[in-house]
Each structure stands twice: as structure tokens, then as C-alpha cells.
Amino acid sequence: MQKQLEAKPLLTIAIPTYNRSAYLRELLFILFDQLVHEPRVELIICDNASPDNTPEVVEEYQRRGLELRRIRNLTNIGADANFLQCFEQARGKYVWIFGDDDIIVPGGVAVVLSCLEMKDYDLVYVNSYPLQGLDRVKPLRSLKAIEFDDVMRFAKRIHVYFTFISGNIVNKDRVQAGGPASFSALVGSNLVQLAWVYAALNGFERGLYIQDKLVGARVDNTGGYRLSEVFGSRLKRVTESELRSDRLKRLVIGGALQRFWPGMLLTLRKSKGSFESDTTQGRTLTAEFKDNPRYWFFVYPVLVLPPMLGASWFFFTRILNRIDKALGFVL
């Protein structure tokens, strides 16, 4: 631990966790070989007063020789406040707040470090794939990355997926150099991570998109919050208040309507255990996006058409999205 405190780490991987010891164990199992002899990385685990055996899992990996800093809250302070604590406690030049139920593929950390050592980036986005078990972890085969010095071109690649917390690596030094900022205003929105991501976009000079799928993202594990509220009204409010550029605002909101919501609605309608009724979803989304043509073209038909027709419309819009992406328009 003392060795880790002597020099500023290049990267902090901070894992906020609550009552998911089985998932956390899987993540630490994958990370162990990648970090056990890696002095450039600081590992933090912020345990939000988990009532399960999370402390024992963390202690097990400490005994095995994994250097980490454990922060255990006396009470559950909420997910957003725990995410913010991760960011504030990180000592690294770059901060990668990583979901406790996701994984970084073997070799992935080394790839990220090699990229971070090449140049200064405001924001690095890491591609992901749906994770359905460690037996399906995808091995790393090559490095494919695209560098951007134009924030609009960068945002066209990512748009709404800036919300994916495990996909974003933020240059904390650059964010803080942009001036004092308090991110606590977004606590309770379920989108507090956008505070520092959007700050990086506001001061953007250079970004990197790692196309290789280094992150396995756990599917069907959102935690039960209301999707239409978080990725509808709250996303719109946070984006409009925190991003300075009107063009960037339109990109993120347009990405949500064109790329995220049609597929998500189709999935929820097929699921008998969906979090919200179609009526509630439609009421919330329509109220927020009734003035946006993309809502009526991409989202509304999937929401109101009979399931078979809704699915057909979704696949039609997927074709349009692929053409759009290939031509470089993207929204």
C-alpha cells in the first residue's frame, strides 16, 4: 500500500459496490492477474454498507496480494453519492469508475494503459459487449482505436452511451483544471456520472474511442429504477443543464431516441416482468419528447403498434441507423 501512495497513479479504477458480492468476486477474479503487479493503477472499492459478504470478498483478494484501497460507508448513501465518492477519492490522472457487475476482459487494462501513456485525452470511451457469464468472456485479439480532436465527431460515435458508467475513462486532471466544479447537484438523478463526463466534453481537446470490446456489460441488471424517467426526463434535464453546446445536447438526446429507446422498448414489451407499463412509458416519453420528430418516427411506433408490427418497425429503423452510421451522418 505504501508503494502505491508514493507516486500519482496513471489510472484509478474505482468500483462502487452494494450487495453484489458474487459479481464483485467475478470482477476481482478477472482483474487480479491484470493488476497484481501493475504499479500504474490504483484500485479503490467503495462498499456502500453492503449487508452481504462483500467485506470478506475484498479481504480475500487483499490477502492474495491485490493492492487496493477499501472504503466502507457506515450507511448506504445511495448509488449516486457512492459514484461521486469514487470520483472524489481517486488519486489517478485518469479515473475509470467501473460497475461491480461488469468485467474488463483479460489484457484489457494493459491496452487501456498503453493508450493513456501515448497522449493526453480528455475522455476515453471503451466499447463493450453483453455479458452473460464468465464462460463467454471475449478474449482480446487486437487494438483498434480512433482518436478525435473534434468533440462533435467524437459525440456522434458515443451520444447516449456516455451514460454507461463502465465505458468512460475521464482525465480528472483536465476536468479539475477547467475550474472548480461541484458535481453533487446531480446526486439522486441516477446520472451523476454525466457530471464529470459532460465537464470533459465541455473542455474537450482530444478524445479516444477504443473500438475493441474490452468491457463485458451485464445484461438485464439495471437495478429496477424507472427507465423512462432516468433515460427520458432526467437525461434530458441533465443534458440541457450540464452541456454547454446546443449541438452536443441535440446529439445526446437524438441518440437516446434513435438508438437506445426503440430497442429497449421492444425488449421491455417482450418481457412480462418489465419495470413499467406501456401506458406509463408512453406518457413519460411523450411528455418529454413530443416536440422532437425523432420520437414520433423512431420511438412511438414501437411503443404503440401491435408487438409484431412494432418489431418490424424496429428492424426497419435499425437498417436506417446502419446506413446513417455508414454515411457518417449519425443523427
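Modeller: One definition comes first: helices here are runs of at least four residues and strands runs of at least two, as assigned by DSSP and numbered from the N terminus. Please also keep in mind that this is a predicted model.

Biologist: How many helices and strands does that definition give for the protein chain?

Modeller: By that count the protein chain has 13 helices and nine strands. Of the 331 residues in the chain, 52% are buried, and 83% of the contacts with a separation of 6 or more are between residues 24 or more positions apart.

Biologist: What makes a space in this structure a cavity, and how many of 30 Å³ or more are found?

Modeller: A space is called a cavity where a 1.4 Å probe fits but cannot get out. Searching the whole structure turns up one cavity of 30 Å³ or more, and the largest cavity holds about 40 Å³ of space.

Biologist: How does the lining of the largest cavity divide into nonpolar, polar and charged residues?

Modeller: Six residues of the lining are nonpolar, two are polar and none is charged. Val, Ile and Trp count as nonpolar, and V95, I97 and W196 are among the lining residues.

Biologist: Why is helix 8 called mostly covered?

Modeller: A residue is called buried when its relative accessible area is under 20%, and eight of the ten residues of helix 8 are buried, so the helix is mostly covered. The buried residues of helix 8 are Q193, L194, A195, W196, V197, Y198, A200 and L201.

Biologist: What makes the pair D173 and K8 a salt bridge?

Modeller: The rule asks for a side-chain nitrogen of Lys or Arg within 4 Å of a carboxyl oxygen of Asp or Glu, and the side chains of D173 and K8 meet at 3.5 Å, N to O, so the pair qualifies. D173 lies in helix 7 (residues 172-177) and K8 in the loop between helix 1 (2-6) and strand 1 (11-17), so the pair ties together parts that are 165 residues apart in sequence. With a relative accessible area of 31%, D173 is partly exposed.

Biologist: Which residue forms a salt bridge with R234, and is R234 buried or exposed?

Modeller: R234 forms a salt bridge with E229, with 2.6 Å between the closest N and O atoms. R234 has a relative accessible area of 17%, under the 20% cut-off, and is therefore buried, while E229, at 22%, is partly exposed. Salt bridges that share partners also join R20, D100 and D101 into one network, and the structure holds 18 salt bridges.

Terms used
Residues are numbered from 1 along each chain as its sequence is written. This is a predicted model: local features need pLDDT of at least 70, side-chain atom pairs count only at pLDDT 80 or more; totals for chains, interfaces and linings use all residues. Side-chain values use heavy atoms; hydrogens and water are left out. On a 1 Å grid over the protein atoms alone, a cavity is a set of points where a 1.4 Å probe fits but cannot get out, and a pocket is an open set with protein on both sides within 12 Å along at least five of seven lines; lining residues have an atom within 4 Å of a point. Grid points are joined across faces, edges and corners, and a volume is the space filled by probe spheres set on the points. Buried means under 20% relative accessible area, exposed over 50%, partly exposed in between (1.4 Å probe, protein chains only). Contact means heavy atoms within 4.5 Å.
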